[in-house]
Protein chains: 2
Amino acid sequence: MLKAQVITSPDKNLTLKFELQSNGVPSYQLTYKNKQVIKPSTLGIETKDVPSFLDGFTISKTEQSTFDETWSPVWGEQKEIRNHYNELLVTLAQKAVESREIRIRFRLFNDGLGFRYEFPEQKNLTYFVIKEEKTQFALSGDHKAFWLPGDYDTQEYSTVTSNLSEVRGKMKAAVTPNASQTPFSPTGLQTPLMMKSKDGLYINIHEAALVDYSCMSLNLDDKNFVLQSWLTPDAQGNKGYLQAPTQSPWRTIVVSDKAGDILLSKLILNLNEPTKFKDVSWIKPIKYVGVWWEMITGKSTWSYADVPSVKLGETDYSKLKPNGTHAANTQHVKEYIDFAAQNGLDAVLVEGWNVGWEDWFGKSKDYVFDFVTPYPDFDVKELHRYAASKGIKIIMHHETSGSVRNYERHLDTAYKFMVENGYNAVKSGYVGNIIPRGEYHYGQWLVNHYLYTIQKAAEYKIMVNAHEAIRPTGLSRTYPNLIGNESARGTEYEAFGGNNADHTTILPFTRLMGGPMDYTPGIFQTKVSAYNPQNTSFVHTTLAHQLALYVTMYSPLQMAADLPETYNKHMDAFQFIKDVAVDWDNTWVIEAEPGDYITLVRKAKSKEEWYLGSITDENSRIANVTFEFLPKGKTYEAIIYADGKDASFDKNPQSYAIRKLKVNSKTVLKQFVAPGGGFAISIK
Amino acid sequence: MLKAQVITSPDKNLTLKFELQSNGVPSYQLTYKNKQVIKPSTLGIETKDVPSFLDGFTISKTEQSTFDETWSPVWGEQKEIRNHYNELLVTLAQKAVESREIRIRFRLFNDGLGFRYEFPEQKNLTYFVIKEEKTQFALSGDHKAFWLPGDYDTQEYSTVTSNLSEVRGKMKAAVTPNASQTPFSPTGLQTPLMMKSKDGLYINIHEAALVDYSCMSLNLDDKNFVLQSWLTPDAQGNKGYLQAPTQSPWRTIVVSDKAGDILLSKLILNLNEPTKFKDVSWIKPIKYVGVWWEMITGKSTWSYADVPSVKLGETDYSKLKPNGTHAANTQHVKEYIDFAAQNGLDAVLVEGWNVGWEDWFGKSKDYVFDFVTPYPDFDVKELHRYAASKGIKIIMHHETSGSVRNYERHLDTAYKFMVENGYNAVKSGYVGNIIPRGEYHYGQWLVNHYLYTIQKAAEYKIMVNAHEAIRPTGLSRTYPNLIGNESARGTEYEAFGGNNADHTTILPFTRLMGGPMDYTPGIFQTKVSAYNPQNTSFVHTTLAHQLALYVTMYSPLQMAADLPETYNKHMDAFQFIKDVAVDWDNTWVIEAEPGDYITLVRKAKSKEEWYLGSITDENSRIANVTFEFLPKGKTYEAIIYADGKDASFDKNPQSYAIRKLKVNSKTVLKQFVAPGGGFAISIK
């Protein structure tokens, strides 16, 4: 009987202890600088059709090792990423089950812990069905948490900031309406889950490398503050179909006493497999505008006609009466192409270009889109020619309406169509309940589907930006053509009632932990009523805050989401969007507190340029900016785009001021930030 | 308020009456030669999300018409088929639902009735979800019935012959084990349902043109002898997702006082849409042998190695130890090709040619087959070359294991592979529970899938023979490349315990009503233990009966299912199989009684040849054969393959005698038929 196993992180700040409890139940605990992060917590998996992996274990073998390697991502916040961990691999057998073993692999980094279950190839274990995974995260107290209601279908809720003990009482109000939603518990929580303990530890729980498994949410025992894994069921209530040899995703716990370390953590990427792609020259970050916000605000429509329903392949669109509000028409798209070309942008997204939008939503329609037939007023070939003549790409749009079999049936044809017509990137969407009916957005079935579309896209050298899909778990290391997801409450919700003013100060600590978000910022006309008098929503930030988002909301895919006509009225502010890079050599956090403020700066890839962004919540503040990231002994020109003195997100969002400043590595700047405000600095 | 509507069949033997009952419930009744076939029976559909289509109807409009046309199928039992009916179209509105109409269309033929619900395009009806269809068939008494337990997943039960009042008591024993089964009611019945009333009427209930709808079974009220439609649910319990304009399948009632008329009825084909295929030259009936029965009996295996599991794309088959029993190897397949070529057959089916068979069954395995990767001992190119050099085709095999998403993902690649390697026909299979889990073999989801595979196959000029799929409903009129289904208990069950001796005297009255069956007859060595000593099953017919099946069990796809080495011992009997046609100019029933005996004869297409088959159940008999079908004034040579005097299916199945006879249109032949026996006659 082996004794408890202990490993530390390379810098020795973190200590992991693994041991078997009485009755042979595996458990682990984690401390950081001698503070308890995870109290003794049990591990295991309950199965349906084979003996469960829960108790009666003995340790067959333990192995310890170290790994230290630096690798370069195809795109990212840093040019180089160090992957340095100490590993403990435990092999377990159960007395009650003859000749059957599993393994638990722990990797302890300086920024946290990752661990996963492994099921080796063996005679006595092949196929098994998961009833529930029973991974615990026993917390040390009633932490402050930034949480979303646990749900099988959506992440588009506003984050709730509260103590864990308040989750139950706040759940009902937190579950706001959505096109497709399935909350599962009065104390269910999504991951990434961000927390702050009373003793000042920042703790983030998520998963890495979610492949061929069901998405993990957490269920909170709010008496004891223990979180337990809660997987997403299939149509029959089963939570996973596995075949050994295989493994679960990594369960990740990122820890620090500095909030900025959470933002800078590369633990989740490091736990993912390196890419096998040989040629990655076709994968490039993109700055784009799009025929989109005008439909989101209600100024225009995706649909071409106003009929109650259509049948693809049967309805003759040329015979329908155009509704006059269809934005995705040849002439209008050319205006966006012109704007993109004039302003040095890369691409134009066009939504609503293809037939089927008249009844795409809320009908559980199987054959809802074909992804290749344009509306009568959208000339595919002409727009390809026009865009190419200006050096602009058009971004394809594949809204699936959650009709997943239909999308897969058309996938090759749709991707071929893209290649033939000059498209190299697609925004996909999964709005509404999933078909096959009974499956959920985050079940194993759909996890498998999303990856299938990304793998197939790579065969066609196509980049994918998947909305309403599973929130990312670092898979873009393995599949660098996955350049974005939405999979959270994005800018569109500013037009659907508004986001909280602190929303963007939270998302980098939560949603962005697993991968970039296509947040689509850049709204200069924050009052939606300016476009659609019937819509009184407004963006809950100032204009300057919107500029800062291009830095604070990391994404290799950055949209200038507002309308060209609005940008044309503020070309001075728009200059920042034109200048800001979308790919980076390095990133530093100046100051950060989840839910309150973020100030960080990034160095543009292969350029002597830096871009800084600072955002705040509904409270104004003074940001303390130091410039130690600049090379010593050189002076640079900074252009500061900041809130006006009287600015505020609700009353005076468009008040901003632009000034220039000479800076060097010793400069200290105290910058006023308005309520819901921010500032952006370009440094050259 | 319009009064009851009455139409008759063209020959006036059948009368249909439609009327609204009190409370505006639509009803119909049917009489045949003044005998009641269907007592007043209600019609309607219960919906989930819109007001139901059940009651409160008024008649808006009625229209009557007549249709009379003769058409030619691409292949079939007759060269020409007359489609002659009187039609009643009723348009109904419901007071309680503003401006919403449905229609019920009745077509009354000389051989029976077809009717369906129609949902016209209209503002107040687009999308709706079916909870249950409520079509009644109120029978006139406790009929004798030939029935299968109602089930969402299998038709492979032995037919039970009993009165309707006995169904409940016999159900438990009737539900024998199957790889995938979901019985739904203690008095649930499948269609086609064959019945015989005490007053001598033969009545068959089924459906025609099952497209984009859920499969109909029947639930029996065994107090009142009323059958009601019972659709197949999806994973959530809903029974159909429809979008107007659309229609239900036709519900069919074939009636006669002559059993032979049931067999000869073309009502179901006539209710299907004509084909839109322009070129049908690639669709040809096939006579084939196959690497199959030796695996079914247990003599050989589909699998190549004996390992507990494999992972496609990861397992290296060349490193596995061959089990030595893998039948689908290059050398052995060449033997079958040689046999086919020597004997004038068209093709060789090969099962077990592709990787994945080691763990294909019972594991709910998603990525189970890829349909293109052969085992190391199966040389695709060499076998293509060899077969082509002998004028033989190889029939492809696509076992899906019910993993339907996986099949669809590979479908284009699999069909392309076929075209590139000289295959033009595929046998597909759906053994085991369906994936997506929660769906059933006969739900709308799978009905849609089967048709998708057939439509896509047509794009590649591929013929399809789908096993374990939905039982046919005449769709091969519209899609003549659907040349076969199994979708019932076939010859393989003779090796899984045996079929009843009367099994094949029932199937033409039940399963075959909607389309041909790939029954795969021709077993000459009826004792399975001759191939696999551990298997004591035996075929419950004589050898001569097996020959007769090539006539009585209509199919454009006919297998000589036994092993060449066995045929080589009985080449005199095998001559009938070599001679018998697979496509016909005309068909006549000499005598028939469901469950007892069938004697019928067919004229070969474009030849002066006739083939007669006669089969009996476990009782011996004397068949009365007349030859009035022969042209008058000419004499022909008949070769009669009959049971020996001492033959019987269980004790002496291989006792047969072949004799020649000169026949003309006036000949009368009294032929002895042994228990479980039969005879076959070729006439040239």
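A: A salt bridge here is a side-chain nitrogen of Lys or Arg within 4 Å of a carboxyl oxygen of Asp or Glu. By that rule, two salt bridges are counted between chain A and chain B. Keep in mind that this is a predicted model.

One salt bridge joins Arg409(A) to Glu408(B). Their closest N and O atoms lie 2.7 Å apart.

Which elements of chain A supply at least two residues each to the side that touches chain B? They are strand E19 (240-243), helix H7 (404-420) and helix H8 (444-459). H8(A) gives the largest share of that side, with four residues.

Now the extent of the contact. Chain A brings 31 residues to it, and chain B brings 31 residues. The size of an interface is often given as the accessible area lost when the parts come together. Between chain A and chain B, about 2900 Å² is buried. Carbon and sulfur atoms give 53% of that area. Three residues stand out on the side of chain A: Arg409(A), Arg437(A) and Trp445(A). Together they supply 25% of the area that chain A buries against chain B, more than any other three residues. Arg409(A) is also the salt-bridge partner of Glu408(B).

What about disulfides? The count over all chains is zero. Cysteines can still be placed by their accessibility. Cys215(A) has a relative accessible area of 1%, so it counts as buried, the cut-off being under 20%. Cys215(B) is at 2% and therefore buried as well.

For a view within chain A, turn to His397(A). It is found in strand E24 (residues 393-399). Is His397(A) buried or exposed? It is buried, because its relative accessibility is 1%. Leaving out residues up to four places away in sequence, His397(A) touches several residues, among them Trp353(A), Trp357(A) and Lys427(A). Glu351(A) is also one of the residues touched. The side chains of His397(A) and Glu351(A) make a polar contact at 3.5 Å. Ala425(A) is 28 residues from His397(A) in sequence, and their C-alpha atoms are 8.6 Å apart.

Eight strands of chain A form an open, antiparallel sheet, in the order E1-E2-E3-E4-E11-E18-E17-E14. Its edge strands are E1 (5-8) and E14 (188-189), each pairing on one side only.

Conventions. Residues numbered from 1 in each chain as written. Chains lettered and ligands numbered in written order. Predicted model: local features only at pLDDT ≥ 70, side-chain atom pairs only at ≥ 80, totals over all residues. Heavy atoms only, no water. Buried < 20%, exposed > 50% of the residue type's maximum accessible area, 1.4 Å probe, protein only. Contact = heavy atoms within 4.5 Å. Polar contact = N/O pair within 3.5 Å; in protein donor to acceptor, adjacent residues only side chain to side chain. Disulfide = S-S within 2.5 Å. Pairing = 2+ DSSP bridges. Buried area = accessible area lost by both parts, 1.4 Å probe.
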